[in-house]
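Trainee: Can you go through the charged residues with me? Start wherever you like.

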Amino acid sequence: MSHSLFGRHSPSLSRIMSGDQRGPGRGGSLDNRRPERKVLAHLVNTVRAGESQALVLRGDPGVGKTVLLDHLAELAVGCRVLRVAGVQTEMELAFAGLHQLCLPLLDRLPELAEPRREALRIAFGLSQGPAPDRFLVGLAVLGLLAGAAEERPVVCVIDDHHWLDEASAQALGFVARRLNADRVGMVFGTRHERVELEGLSELPIAGLPEEDARTLLESALTGPLDFQVRDQIIAETRGNPLALLELPRGLTPAQLAGGFGLLAAVPLSGRIEDSYVRQLRALPPDTLRLLQLAAADPSGDSALVLRAAESLGIPFHATTEAARADMAEFGVRVRFRHPLLRSAAYGSASVAERQAMHLALAEATDADADPDRLAWHRAEAASGPDEDVAAALEASAHRARSRGGLAAAAAFLQRAVLLSADPVRRAERILAAAQTHLQAGALSDVLDLLAVAEAGQLDERQAARVELLRGHVSFAAGTGSAAPPLLLAAAKRIEPLDRDLARDTYLTAWMAALFAGRRVVGADLTQVSRAVLGLPPPQGPPILADLVLDALARLVTEEPAAAVPALRKVAGLFVTEGMAPEEELRWGWFAQATVSALWDHGAWRAVLTRQVEVARAAGALDQLPVMLAALGAATAWAGDMTATASLIAEFDAVRGATGSRLAPFAAMLQAGLRGDESEAMPLIAGTLAEARASGQGVAAAFANWASAILHNGLGRYGEALLAAVEASAESPGLYVSLWALPELVEAAVRTGDTALAREALDRLAESAEAAGTDMGLGLACRSQALLSEGAEAERYYREAIDRLGRTQLRPEAGRARLLFGEWLRREGRRVESRTELRAAEEVLAALGLQAFAERARRELLATGERTRRRPLKVVSTLTGQEAFIARLAVEGRTNPEIGSQLFISARTVEWHLRKVFTKLGITSRRELEKALAEAEYQGPDA
């Protein structure tokens with residue numbers, strides 16, 4: 001281990017790395033790590049002062065990361081230091097690293113909220129249950145660390161992060177990005193970039209300066225060295241301390257002088273390992289065998305290694321020889337001088353020797369206490385296919401999956417594939433491994449496994465599953481236009497084999513085709529829906545999935561009036577109470593599609609509200625961003641901009657926590673309705689660019705709809721028309737394509753294209769009349785009025801105002817009055833027009849729809865009435881997150897409850913509230929409600 005190496009073998013290096021002024025050499029050489037030490041000291045002081053910190057030390061093997069982390073631990077006086085070091089041979093054991101870090105804090109588990117506590121217990125194998133959501137595990141760890149930090153500051157030292165198991169790496173990266181006002185510091189040592197650490201501050205660790213490198217090299221030499229060879233070594237090692245110490249070992253002066261530069265083409269880590277191999281070969285045979293055996297077991301359990309050693313005839317005194325040679329220490333745990341030495345020791349054994357060692361370790365492993373390690377050793381000991389061992393690995397994969405360790409489960413299954421003697425079982429294991437990699441997001445691994453599967457013999461069902469997995473990979477990768485044909489082909493192939501699986505595949509294909517829109521080739525929404533209707537009926541009464549799929553297919557393939565009964569049947573199931581949460585989560589997204597198609601905004605918003613509540617309660621963070629985005633859009637359309645801002649803040653928090661790339665639907669619509677061009681256009685442009693790159697038609701349609709609203713509000717009807725045409729052309733008859741039709745009619749009428757306006761009105765009226773709701777009929781009447789004259793126009797306007805006034809769509813009702821007022825003024829009915837325009841200006845301004853309100857104000861001026869702009873509606877100087885936290889506090893939520901919803905700690909919530917109090921000029925929660933209400937309408941009175 002690095003600490004052993006630097007602490008005992010080379011005290012000069014220890015002094016150089018720590019900056020000990022008593023060491024040899026000139027003062028400059030002793031200050032080489034002063035900048036790094038200064039950064040670490042600042043980090044500890046900041047954590048002590050009450051603010052969290054996260055830092056990544058990145059550098060080559062042996063450059064000194066571990067020494068700096070040791071120095072950090074020494075600096076953290078008065079702090080609780082939690083340490084974990086990744087181990088290469090433990091990378092396949094789910095949550096091994098996280099358990100190592102959290103073990104001292106497990107007595108705090110009862111302090112966590114139930115979903116988080118149970119998620120962590122399952123992850124650590126302390127209880128049984130469904131596989132925990134990985135984000136819940138991360139939130140549980142955040143809760144443990146934040147709770148411990150209430151007593152005293154916590155410093156987490158994570159060494160060799162590149163060798164952490166994937167589940168632990170994801171959780172720790174998640175936590176590092178969620179910390180804020182907690183007295184927690186997290187410092188990672190790693191060799192290379194990893195996606196889990198993206199966005200964290202980084203401190204590169206380079207080699208020693210030339211003078212210090214020369215001093216260190218000379219301390220490791222056994223004799224004089226030609227200065228040209230010495231300088232060549234320093235240049236080739238780039239001042240890497242471990243390389244400077246290890247490379248000369250085992251080489252005579254003659255060998256060193258004979259052209260060390262010939263090794264320059266070998267990577268530095270490889271050259272260090274070569275040096276270790278030379279040192280290992282010089283050991284007594286029993287000592288070498290003991291080190292090889294210890295390297296073969298990832299647990300570091302000395303007792304286990306010594307039991308296996310005894311069975312192999314390795315004498316106990318070999319442990320003393322290993323320690324004397326400064327190779328490894330055999331205490332409670334086996335500790336190698338450096339991880340590369342462990343790797344070199346294992347690599348120095350032949351295949352037959354390794355198999356014998358793993359067999360001995362398997363026989364020494366307790367089958368009840370550690371079945372997974374036993375299975376792994378048995379697998380490594382196998383000399384050929386072995387169905388018993390493959391079955392044991394499958395069982396290990398099942399256990400890993402149940403704890404949420406998907407990467408570990410896939411690794412077990414892949415090893416089981418290699419040991420499969422039965423071709424049928426082998427194919428099943430390949431597909432199971434591919435499915436597990438898909439769930440873990442390792443899409444390239446899925447494709448590699450599918451290629452292997454197709455190279456072998458597959459039955460029809462297995463071949464169909466290959467097609468299905470390819471479709472899922474395409475959909476998950478965001479290549480929207482490629483996924484629907486793959487999924488549709490898979491569904492058709494599965495249909496005669498497994499109707500239920502085919503139905504579920506059709507549902508996924510339908511969703512993929514909807515998202516892809518016009519960008520799909522070979523399997524658009526209509527083709528998928530027609531195929532769905534050809535699916536054989538279920539043998540028993542149809543279940544919810546059957547009803548949902550049938551309704552969605554009819555929505556696309558049949559006339560609106562014919563599809564409405566099926567849509568209402570499904571909508572009724574979700575609008576009423578009593579559905580199981582798991583059913584809500586599984587089918588809720590599809591259900592809200594049926595409700596929205598019925599032009600029933602109230603029911604749509606109600607379904608989405610419950611969907612969000614269920615997803616929050618269940619910790620379903622994979623679905624929560626989608627539901628929050630939809631609910632935020634529904635709320636913005638209702639004109640409740642305060643509630644929308646809260647949902648946007650929560651959406652941003654969840655999207656940040658999960659890494660979701662979902663478009664900012666609610667923020668786009670809110671900015672478009674407000675007429676805020678500076679805010680709306682970057683969101684719209686970014687969404688359109690992303691949609692083009694990923695082939696996502698729905699996102700593009702929504703962005704164009706928001707753009708049409710924005711430009712209609714600003715009176716730029718030509719631009720509004722272009723955007724509305726694009727939006728209405730996506731997935732005709734669904735979602736945004738219908739919502740965009742009123743915008744298209746208004747823009748087309750204003751630009752003089754009445755033919756296009758009438759065509760859009762026909763589509764709108766057909767759908768609205770079939771649904772028969774005030775929302776749809778009100779928007780249709782408003783659009784019809786724009787294309788009518790005289791008494792007929794007035795009748796349609798009044799009906800539109802009446803119908804929309806009975807809905808939650810206050811912006812649309814206000815816009816109806818605006819259009820009616822504009823029409824009355826053009827008809828010369830100034831007095832009547834002023835009544836409508838004043839009412840429109842009042843409601844639109846109150847809702848924050850400034851562009852539409854300004855249109856009404858200009859119309860009033862044109863009637864001869866004097867008016868002035870109303871104050872802008874803003875929320876003081878609070879950020880979106882601060883405003884959301886403040887509103888949750890007004891609702892009576894506790895700091896832990898608020899933190900749970902926003903994926904931050906209770907202490908961070910308190911920190912945000914203190915900032916809110918300062919900005920609002922108050923000192924307590926009791927004053928918060930009044931202060932927020934007063935801040936709602938601040939702004940210039942122009």
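Mentor: At 28% relative accessibility, R399 is partly exposed; buried means under 20% relative accessible area, exposed over 50%, and partly exposed in between, with a 1.4 Å probe and protein chains only. This is a predicted model, where local features need pLDDT of at least 70, side-chain atom pairs count only at pLDDT 80 or more, and totals for chains, interfaces and linings use all residues. Residues are numbered from 1 along each chain as its sequence is written, and side-chain values use heavy atoms, with hydrogens and water left out.

Trainee: Which residue does R399 form a salt bridge with?

Mentor: With D372, and the closest N and O atoms are 2.8 Å apart. A salt bridge is a side-chain nitrogen of Lys or Arg within 4 Å of a carboxyl oxygen of Asp or Glu. R399 lies in helix 21 (residues 387-402) and D372 in helix 20 (residues 371-381), so the pair ties together parts that are 27 residues apart in sequence. Helices are DSSP runs of H or I with at least four residues, numbered from the N terminus.

Trainee: And D372, buried or exposed?

Mentor: D372 counts as buried, because its relative accessibility is 9%.

Trainee: How many salt bridges are there by this rule?

Mentor: The count comes to 49. One of them joins E812 and R815, at 3.8 Å from N to O. Both residues lie in helix 44 (residues 810-826), three residues apart, about one turn of the helix. E812 and R815 are both buried. Salt bridges that share partners join E743, E746, R750, R782, E812, R815, E822 and R855 into one network.

Trainee: Where is E746?

Mentor: E746 is in helix 40 (residues 741-750). Its relative accessible area is 1%, so E746 is buried.

Trainee: What is E746 in contact with, leaving aside neighbours within four places in sequence?

Mentor: N712, Y717, L786, R815, L819 and R855. Contact means heavy atoms within 4.5 Å.

Trainee: New topic. Which residues form a negative surface patch?

Mentor: E559, E759, D762, E766 and E769 form one. Patch residues have over 30% relative accessible area and no salt bridge, and like charges are joined within 9 Å. Asp and Glu count as negative.

Trainee: Where is D762?

Mentor: In helix 41 (residues 754-771). D762 is exposed, because its relative accessible area is 54%.

Notes:
Patches are made of residues with over 30% relative accessible area and no salt bridge: like charges are joined within 9 Å, nonpolar side chains (Val, Leu, Ile, Met, Phe, Trp, Tyr) within 5 Å. Accessible areas come from the Shrake-Rupley method with a 1.4 Å probe; for residues, only the protein chains shown count as cover. The place of a charge is taken as NZ of Lys, CZ of Arg, CG of Asp or CD of Glu. Helices (H or I, at least four residues) and strands (E, at least two) are DSSP runs, numbered from the N terminus.
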